[in-house]
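I opened a new structure today and kept notes as I went. The entries follow in the order I looked things up.

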Amino acid sequence: MKQYKKIYELKNTAKDKLEGKYGGAVLILLLSALMSGILRLSISSVAGATMSTVYSMTGSLNTVTALSFVFDALLLLATILLGVMNAGIALYFLNMACGQPFSIGNLFYGYQGESKKTLLITAAMVLLQAVCLWPGQYLAQNYLNTGDVKWIGYAFLACGLGLCLYLPVSLGISMSFYLMLDFPQNPGGKTLSLCWRMMKGHKRRLFRLELSFLPLMLLCVLSFGIGFLWLNPYMQMTYTCFFLDLMNPRDTETP
């Protein structure tokens with residue numbers, strides 16, 4: 001009979017794996033966040049300036065709306081390209097957890113030999129988020145632009161329906177990067193389907209694990225975000241330990 005670790009056991013294991021290694025873990029996640037933030041901010045700044053200029057020259061809201069969709073698509077593409085770094089982050093923490101050599105250079109693993117496979121997995125995750133959560137954000141933005149209260153109800157409804165789809169599917173494919181590293185011979189589509197089958201019966205356990213970090217997240221917010229420098233590596237290593245436990249649970253004797 002297979003027995004999986006409890007949440008507190010996974011967290012304790014993650015703390016042990018990170019002992020004395022927090023510096024590099026903080027750095028790799030900080031580099032990823034900074035590169036992502038700078039590129040997204042640049043696109044958003046250019047988009048805002050361009051749409052303001054176009055509106056002042058043409059006075060056409062339709063043109064501005066069309067431009068906003070173009071920049072949204074560009075931002076979506078940038079998110080996919082930047083998301084490839086998550087494969088490198090998974091490699092870094094997986095190597096650390098397994099006692100293998102790891103380095104900051106692991107961050108760019110996804111842009112090397114397995115780039116097509118990594119792009120497919122990243123695109124699936126990013127597009128899932130966009131399809132499920134973007135409509136609610138768009139409707140909420142309509143309320144901010146118009147002040148019409150009816151958009152609030154539409155936004156809440158869209159967010160609720162989107163989350164009902166997003167949560168189970170995202171949890172079901174959340175371990176895909178780890179699986180890709182463990183089974184490099186599998187193509188991207190097969191990796192996603194294998195992850196979905198592997199997570200059957202474990203999505204709720206992973207969701208409970210994610211919820212268990214909420215009190216620490218609140219403390220990090222109260223520290224003006226500084227605490228996230230230490231919390232993010234802790235969470236990432238805990239998810240890595242979850243994957244390793246999923247792949248190799250303990251054997252217990254059946255009475």
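**Entry 1: a charged pair.** I began with aspartate 245, which counts as buried because its relative accessibility is 4%. Buried means under 20% relative accessible area, exposed over 50%, and partly exposed in between, with a 1.4 Å probe and protein chains only. Which residue forms a salt bridge with aspartate 245? I found arginine 205, with the closest N and O atoms 3.6 Å apart. The pair links distant parts of the chain, 40 residues apart: aspartate 245 lies in helix 11 and arginine 205 in helix 9 (residues 203-211). Arginine 205 also counts as buried, because its relative accessibility is 12%. I noted the rule: a side-chain nitrogen of Lys or Arg within 4 Å of a carboxyl oxygen of Asp or Glu. By this rule the count comes to one salt bridge. Side chains of opposite charge can pair when their charged atoms come close.

**Entry 2: what I am looking at.** The model is predicted: local features need pLDDT of at least 70, side-chain atom pairs count only at pLDDT 80 or more, and totals for chains, interfaces and linings use all residues. Residues are numbered from 1 along each chain as its sequence is written, and side-chain values use heavy atoms, leaving out hydrogens and water.

**Entry 3: the whole chain.** I listed eleven helices and two strands. These are DSSP runs numbered from the N terminus, with helices (H or I) of at least four residues and strands (E) of at least two. From the N terminus the order is β-α-α-α-α-α-α-α-α-α-α-α-β. The C-alpha atoms fill a box of roughly 75 × 40 × 40 Å along the principal axes. Of the 255 residues, 37% are buried. I also looked at contacts between residues at least 6 apart in sequence: 76% of them join residues at least 24 apart. Contact means heavy atoms within 4.5 Å.

**Entry 4: helix 1 on helix 11.** I returned to the helix that holds aspartate 245. Helix 1 (residues 7-18) and helix 11 (residues 228-247) pack at about 115°, with axes 8 Å apart. Axes are lines fitted to C-alpha atoms, for helices over the stretch in contact, and angles run from 0 to 180 degrees between N-to-C directions. Among the residues that meet are Leu10, Ala14 and Leu18 in helix 1 and Tyr234, Met237 and Asp245 in helix 11. The contact divides into eight nonpolar, two polar and four charged residues. Here Ala, Val, Leu, Ile, Met, Phe, Trp, Tyr, Cys and Pro count as nonpolar, Asp, Glu, Lys and Arg as charged, and the others, Gly among them, as polar.

**Entry 5: two loop residues.** Asparagine 186 sits in the loop between helix 7 (176-182) and helix 8 (188-198). Is asparagine 186 buried or exposed? It counts as buried, at 9% relative accessibility. Leaving out residues up to four places away in sequence, asparagine 186 touches Lys117, Thr191 and Leu194. Phenylalanine 224 lies in the loop between helix 10 (214-222) and helix 11. Phenylalanine 224 is exposed, with a relative accessible area of 78%. Its phi is near 60°, a positive value in a residue other than glycine.
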